[in-house]
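Please work through each task before reading its solution.

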Amino acid sequence: MLSIAERHKYILDSLEKYGFIRITDIAEELKVTKVTIRKDVKILESRGLLYKVHGSARPVNPHVADRDLSTKSNLNREAKSLIAKCAAKLIEDNDSIMISAGSTTYALAEEIRNTMPQRSLNVVTPFLKLSVLMNDMDNVRVEQLGGKVHRKSCSTMGEEAERALTDVVCSKFFLGVDGIDPDYGITTSTIEEALLSRRMMDAASRTVVLADSSKFGQHGFGRINALEDVDVIITDNGIAPQMRKLIEKAGVQLIIAE
């Protein structure tokens with residue numbers, strides 16, 4: 001049987017390798033009880049070496065704050081560009097799509113405008129900045145959702161925006177998120193934005209999540225839906241192997257943009 005020090009090293013090594021661990025998995029691998037691993041994790045957390053979250057552990061605090069769009073736009077720009085190029089390939093001529101607010105979804109809009117200017121599309125969005133960008137395209141019809149404006153995301157939300165989706169049916173919903181977690185599902189920064197995104201998922205045949213690898217293991221304040229409710233996730237090659245397995249185990253198609 002491993003000593004306490006050896007168990008702690010195994011836990012920390014696993015965190016460094018995979019980006020997160022589940023207490024149940026570590027207990028099975030080390031052939032000890034879950035109670036033992038919970039105690040180990042608690043000790044390591046008290047030393048500031050990890051962050052415990054509901055049956056699992058992360059190397060850093062997974063809870064993300066609500067940040068403004070300009071701040072998000074400057075993070076992981078190359079990865080977002082690759083993701084946008086990959087997502088654009090899923091769009092067909094005469095498609096009807098929905099696009100949420102976010103820096104990665106805005107990169108998708110830029111990709112559509114720059115590489116397929118003649119593509120005929122119906123685009124439904126709460127994202128004001130995206131509406132202005134795509135409204136300049138001759139063959140694109142933009143449906144701007146109404147409601148109150150959230151200053152940080154530059155998007156509308158609330159009951160009025162949700163009601164506007166009653167008679168809308170789209171083939172795909174391209175969704176930007178603040179967090180993806182096998183246990184918590186997909187999340188965003190505010191409850192109202194989460195509720196609108198959930199309603200947009202209901203109005204689409206397929207939901208395609210656009211998220212760079214830094215979003216995995218993170219939690220936003222508002223829960224949108226379970227991971228199993230997502231059809232496709234497009235991310236970059238920075239995703240941890242263990243997280244990749246859990247995403248695929250949930251039945252979600254994972255596309256790596258390279």
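A cavity is a set of grid points where a 1.4 Å probe fits but cannot get out, and its lining residues have an atom within 4 Å of a point. The model used here is predicted.

**Exercise 1.** Determine which residues line the second largest cavity and which elements supply them.

*Solution.* 
Step 1. At least two lining residues come from each of β8 (155–157) and α9 (191–202); α9 gives the most, with three residues.
Step 2. By class, this lining comprises three nonpolar, four polar and one charged residue.

**Exercise 2.** Describe the largest pocket and the residues of its lining.

*Solution.* 
Step 1. The volume of the largest pocket is about 230 Å³.
Step 2. It is lined by 15 residues, of which Gly-19, Ser-213, Ser-214, Phe-216 and Gly-217 are the closest to its centre.
Step 3. The lining of the largest pocket divides into eight nonpolar, six polar and one charged residue.

**Exercise 3.** Compare the span of helix α5 with the expected value, and identify its buried residues.

*Solution.* 
Step 1. Helix α5 covers residues 77–88, twelve residues in total.
Step 2. From first C-alpha to last, α5 reaches 16 Å, close to the 16 Å expected at 1.5 Å a residue.
Step 3. Buried means under 20% relative accessible area; in α5 the buried residues are Ala-79, Lys-80, Ile-83, Ala-84, Cys-86, Ala-87 and Ala-88.

Note on methods: Residues numbered from 1 in each chain as written. Predicted model: local features only at pLDDT ≥ 70, side-chain atom pairs only at ≥ 80, totals over all residues. Heavy atoms only, no water. Helix = DSSP H or I, 4+ residues; strand = E, 2+ residues; numbered from the N terminus. Expected span 1.5 Å × (residues − 1). Buried < 20%, exposed > 50% of the residue type's maximum accessible area, 1.4 Å probe, protein only. 1 Å grid on protein atoms, 1.4 Å probe; cavity = no way out; pocket = protein on both sides within 12 Å on 5 of 7 lines; lining within 4 Å. Nonpolar A, V, L, I, M, F, W, Y, C, P; charged D, E, K, R; others polar. Points joined across faces, edges and corners; volume = space filled by probe spheres on them.
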